[in-house]
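Good morning, and thank you for making time for this presentation. Please have the sequence and the three-dimensional view open while I speak.

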Amino acid sequence: MNKAFIREPDATDVYCPKCGAAGTSAPWVAVESHVPPEARRKLAATAFFCSTPTCPVAYFDALEAVVLADQLVRPVFPKDPAAPLCPCFGLSREDVEADAAERVPRRIRELLAKSKTSAARCETTSPTGRNCLPEVQRYYFRVKSGVSGE
Ligand SMILES: [Zn+2]
Ligand SMILES: [Zn+2]
């Protein structure tokens, strides 16, 4: 398959040294909130997140320094499938699956409303520093179309 079609929208041209997936650039505030100081020291200020669920690497930089998912201060999705999809409000995969089963995205709509308030802190609580909703919606559509999580 052409790589252009499987790239994430925010993907960059820096590739994970372990699995080869294009990294998602992560703001330093997100790195700071997930990576303990000792592990953080070896990373360049421009760090990338590897979104491959099965890859042990969480963050890396262009010089191939890596921080593993199990070195992080708390488990993150998708490295840990049990970690919340939206760490700000604790929305889990089960919540999204329940929405898909009920065919009404009630929990996701609630999240959407909450994500517009100041309680949304995706910049620091999400491993990529990005709004959690696209990930939540992606998962919802995946479940709805019958392709459930790995
Ligand atoms: Zn990787
Ligand atoms: Zn969030």
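Which domains does the domain assignment of the chain give? The assignment gives domain 1 (3–71) and domain 2 (93–144); such bounds come from an automatic or database domain assignment. Before I go further, two remarks on conventions. This is a predicted model, in which local features need pLDDT of at least 70 and side-chain atom pairs count only at pLDDT 80 or more, while totals for chains, interfaces and linings use all residues. Residues are numbered from 1 along each chain as its sequence is written, and chains are lettered from A and ligands numbered from 1 in the order in which they are written.

Let me begin with the two domains. Their centres, taken over C-alpha atoms, are separated by 22 Å. Ten residues from domain 1 and eight residues from domain 2 take part in the contact, where two residues are in contact if their C-beta atoms, placed from the backbone, lie within 7 Å. On the side of domain 1 that touches domain 2, the elements giving two or more residues are β2 (22–26) and α2 (28–34). Helices here are DSSP runs of H or I with at least four residues, and strands are runs of E with at least two, numbered from the N terminus. The largest share of that side, four residues, is supplied by α2. By class, the side holds six nonpolar, three polar and one charged residues. For that count, Ala, Val, Leu, Ile, Met, Phe, Trp, Tyr, Cys and Pro are nonpolar, Asp, Glu, Lys and Arg are charged, and the others, Gly among them, are polar.

Two residues illustrate this region. Trp28 lies in helix α2 and is partly exposed, with 13 other C-beta atoms within 10 Å. The scale is as follows: a residue is buried if 20 or more other C-beta atoms lie within 10 Å of its own, exposed if 12 or fewer, and partly exposed in between, with C-beta atoms placed from the backbone. Thr124, in helix α6 (residues 122–125), is also partly exposed, with 15 C-beta neighbours inside 10 Å. Leaving aside neighbours within four places in sequence, Thr124 is in contact with Val29, Ala30 and Ser33. Thr124 and Val29 are 95 residues apart along the chain, yet their C-alpha atoms are separated by 5.7 Å.

I turn now to the strands. Four of the five residues of strand β4 (residues 57–61) are buried, so β4 is largely enclosed by the rest of the structure. Strand β3 (residues 47–49) pairs with β4 in the antiparallel sense over three bridges; strands pair if DSSP finds at least two bridges between them. Phe48 stands opposite Phe60 in this arrangement. Three bridges also join β4 to strand β5 (residues 66–68), again antiparallel, and there Phe60 has Val66 as its bridge partner. The hairpin of β4 and β5 has four residues between the strands, and within that hairpin Glu64 takes a positive phi near 70 degrees.

What, then, of the largest nonpolar core? A nonpolar core is a set of buried Ala, Val, Leu, Ile, Met, Phe, Trp, Tyr and Cys residues joined through C-beta atoms within 7 Å. The largest one has 33 residues, and those with the most contacts inside it are Ala58, Tyr59, Leu85, Cys86 and Val136. Strand β4 gives the most to this core, with four residues. Both domain 1 (3–71) and domain 2 (93–144) give residues to this core, so it lies between them. Tyr59, leaving aside neighbours within four places in sequence, has contacts that include Ala26, Val31, Leu43 and Val67.

In α4, the buried residues are Asp95, Val96, Asp99 and Ala100. They cover an arc of only 135 degrees around the axis, which puts them on the same side of α4; the arc is that of the directions from the helix axis to the C-beta atoms. Glu94, Ala101 and Glu102 are exposed on the other side of α4. Just after α4, Arg103 takes a positive phi of about 60 degrees.

In α5, Arg107, Ile108 and Leu111 are buried. These fall within an arc of 100 degrees seen down the axis, so they line one face of α5. Arg106, Arg109 and Ala113 are exposed on the other side of α5. The buried residues of α5 pack against α4 and α7, and those of α4 pack against α5 and α7.
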